[in-house]
Amino acid sequence: MRQFSRHRRPQGGQNRGQGIRFWGRHAVIAALANPDRRVKRIWGTREALGQLDLPPVVPISYADVADLARLVARDAPHQGLVIEVDPLDSPFLGDILQEEVDAGSKRPLIVLDQVTDPHNIGAVLRSAAAFDAAAIVTQDRHSPPESGVIARSASGALESVPWVRVVNLSRALEEIAEAQYWRIGLTGDTETTLGATLDGSKVALVLGSEGEGMRHNVMEHCDVLARLPISPRMESLNISNAAAIALYAVATAG
């Protein structure tokens, strides 16, 4: 059986030991439940902390709402809970592909090209969890690091959906093709609709940034370009909305 390479993961980025803060009930509970996530410290109101099953080895600080507000981004809806965590290690793309092949899975992949808004990354992760995507894939230098904004927007999905960071997105798409995925690039500049491209094959959905779209080299590494059949009154969709609709189309195809 073909073995996929394990050299796509970038070196550098966020290092373990450099804590980041998450806030909000869903993000905090999901991080606490993830055995791969190292939680370094917890702050919270007595009421909020009293509702959690807290790990005994993590330092806990009781704080009022005003104190918590000073620990996070301005006006962040912390819901009485803040934690400091280490970033997760990026999985290897080859490992994800091998696991999907071994399982006989047809779960989709989401590939994001130059999507840098953390709210959008978080929302895509949330949709990926809702439609059981195998992973999201981004280029390390064209995507944001883990953050409280992403964790909050993902509503827990940051802990459950593998986020693969690669050095070169075009080479990653080549490896995805070797794993027998049909690579569909979403763009408005084509007459072919997404539904017309779905034939039951394993799918990798490739989406570019709202402003620039997919880069030319990334587009050339797609098997087909397709558009969502949105009304001509709407020029485009937010990237996270487009990803959710495309994932729904894949899930209901055939």
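I began with the record: UniProt, in an unreviewed entry, places the feature "domain: RNA 2-O ribose methyltransferase substrate binding" at residues 21-91. This is a predicted model, so I kept that in mind throughout. Over residues 21-91 I found 25% helix and 24% strand, with the end C-alpha atoms 21 Å apart.

Next I looked up the domain assignment, which gives domain 1 as 20-85 and domain 2 as 93-252. Taken over C-alpha atoms, the centres of domain 1 and domain 2 are separated by 30 Å. I then checked who takes part in the contact: 14 residues come from domain 1 and 10 residues from domain 2.

**The area between them**

How much area do domain 1 and domain 2 bury between them? I got about 930 Å², with 55% of it on carbon and sulfur atoms. On the domain 1 side, Phe22, Trp23 and Arg37 lose the most area to domain 2, and together they make up 39% of what that side buries.

**Polar links**

Arg37 turned up again here: it forms a salt bridge with Glu146, and the closest N and O atoms are 2.8 Å apart. The count of salt bridges between domain 1 and domain 2 is 2. I also noted 6 residue pairs in polar contact across this interface, both residues at pLDDT 80 or more.

**What domain 1 brings**

I asked which elements give two or more residues to the side of domain 1 that touches domain 2. They are strand 1 (20-23) and helix 1 (25-33). Helix 1 supplies the largest share of that side, 5 residues. Sorting the residues on this side of domain 1 by kind, I wrote down 7 nonpolar, 4 polar and 3 charged.

Note on methods:
Residues numbered from 1 in each chain as written. Predicted model: local features only at pLDDT ≥ 70, side-chain atom pairs only at ≥ 80, totals over all residues. Heavy atoms only, no water. Domains from an automatic or database assignment. Contact = heavy atoms within 4.5 Å. Buried area = accessible area lost by both parts, 1.4 Å probe. Salt bridge = Lys/Arg side-chain N within 4 Å of Asp/Glu carboxyl O. Polar contact = N/O pair within 3.5 Å; in protein donor to acceptor, adjacent residues only side chain to side chain. Helix = DSSP H or I, 4+ residues; strand = E, 2+ residues; numbered from the N terminus. Nonpolar A, V, L, I, M, F, W, Y, C, P; charged D, E, K, R; others polar. UniProt positions renumbered as here; feature names shortened; annotations may be inferred.
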